Amino acid sequence: MTQISGQIAIRATYMRGGTSKGIFFTSDDLPAETRTDPALRDALLLRVVGSPDPYGKHIDGMGGATSSTSKVVLVSRSTREDCDVDYLFGAVSIDKPVIDWSGNCGNLTSAVGPFAIQRGLVDAPREGVAVVRIWQANIGKKIIAHVPMAHGEVLEIGDFELDGVAFPSAEIKLEFLDPGANEDGEGGAMFPTGRMIDMVDVPGVGRVEATLINAGNPTIFVDAATLGFRGTELQPDINRDETVLARCEAIRAHATVAMGLARTATEATEKRPHTPKLAFVAPPAAYTASSGKAVKADDIDLCARIFSMGKLHHAMTGTGAVAIAVAAAIRGTVVSRLLGEGGRRDEVRFGHPSGTMTVGAAASEIQGEWKVEKATMSRSARRLMEGQVFVPANYAG
């Protein structure tokens, strides 16, 4: 770190992971005083991103002014014997001085392995596939990333296409191990209420049927019809309607309380905007994705949409995909009951606003209890910029 003309320069890497972008740091990149003071660390990272921004544009920072691009990641060598790196994710509010550290970003998870290799935090083979064992510190979970290598470098260019990303890249396979409750017990078991389906009382809305599940991130699944949706909506259909957004946030906030993750709905909205996420699902239907691509009903098992930081997501969050995989593999959830006879699938292909995605989960029922060994999906990642990010030296005020 150096200081130049009233600003400090901090080593950083700007990366795309899946359908998200974020600013990546190693723990040693940050100023020493921020490593033991979370409030000072957050003040620094807020200034890096350009938040809070009352104009909602992130003009004076590295953020992209959306929930998919207002993100920070800290990676360090792991303190655990069974992992290579520790990964901490922060969802940065655009218009408030808040960084929510409560959950993971499944999309940016795909960039953690490549970043760790490129920064020398882990060893990797010259050719083949590097297996990077990641400890997701936000939720206390282990993730295995399979990163392609060529000539001693991470392979970033390839022919793997991911709906929601304009250009193809190299495929990175991810395994989310035991994607249930957090190690520290937050939110309780995979189903924190002990039920596959709950009725959540939401003032001004009524009783809402939902599946409350801890998988990837804490997630709330409701039927699209419950919200007055078809399940084929795109961002403009929802994000321009403040009344609809407020109703959906009320459902999310009260379900957060039902999951034991906040004391009040107000606390959930103000202090925990990142998780749990509200998602809605519907039977397969044909629609035109945001890219203009035609999605056929026969090509998908269901339609799925998810809210992120108060807005409808442009594709599907990575952890939302994990939650869909797990909920689809367990009988009796809002998701699995859409899958027809048998009511569960170990692999499911769903339609989202940007196209389609296939995810899987290895689940089994033992004496009436469901156990999920892992959830799997493929993403891609690429370095966009590597160098220094500049922050005013008085970032803490």
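## Basis

The model is predicted, and local features need pLDDT of at least 70, side-chain atom pairs count only at pLDDT 80 or more, and totals for chains, interfaces and linings use all residues. Residues are numbered from 1 along each chain as its sequence is written, and side-chain values use heavy atoms, with hydrogens and water left out.

## Strand β17

Helices (H or I, at least four residues) and strands (E, at least two) are DSSP runs, numbered from the N terminus. Strand β17 covers residues 302-308, and seven of its seven residues are buried, so the strand is largely enclosed by the rest of the structure. Buried means under 20% relative accessible area, with exposed over 50% and partly exposed in between (1.4 Å probe, protein chains only).

In a regular strand the side chains alternate between the two faces of the sheet. In β17 both faces are covered: one side holds the buried residues Leu302, Ala304, Ile306 and Ser308, and the other holds Cys303, Arg305 and Phe307, also buried.

## Partners of β17

Two strands pair if DSSP finds at least two bridges between them. Strand β14 (residues 277-282) pairs with β17 in the antiparallel sense over four bridges, and Ala279 has Ile306 of β17 as its bridge partner. Strand β19 (residues 347-352) runs parallel to β17 and is joined to it by two bridges; here Cys303 is partnered by Gly351 of β19.

Strand β18 (residues 311-312) runs antiparallel to β17, also with two bridges, and Ser308 has Lys311 of β18 as its bridge partner. The hairpin of β17 and β18 has two residues between the strands, and Met309 takes a positive phi near 50° there.

## Nonpolar cores

A nonpolar core is a set of buried Ala, Val, Leu, Ile, Met, Phe, Trp, Tyr and Cys residues joined through side-chain atoms within 4.5 Å. The largest one has 64 residues, and Phe24, Val85, Phe221, Val326 and Phe350 have the most contacts inside it. Helix α6 (residues 318-328) gives the most to this core, with eight residues. Apart from it lies another core of 28 residues, including Val208, Val222 and Cys303.

## Asp53

Asp53 lies in the loop between α1 (38-49) and β4 (71-77). Its relative accessibility is 7%, so Asp53 counts as buried. The C-alpha atoms of Asp53 and Ile94 are separated by 6.0 Å, although these residues are 41 residues apart along the chain.

A polar atom of the Asp53 side chain lies 3.1 Å from the backbone nitrogen of Lys57 and one lies 2.6 Å from the backbone nitrogen of His58.

Technical notes
A polar contact is a pair of N or O atoms within 3.5 Å; within protein, one must be able to donate a hydrogen and the other to accept it, and residues adjacent in sequence count only if both atoms are side-chain atoms.
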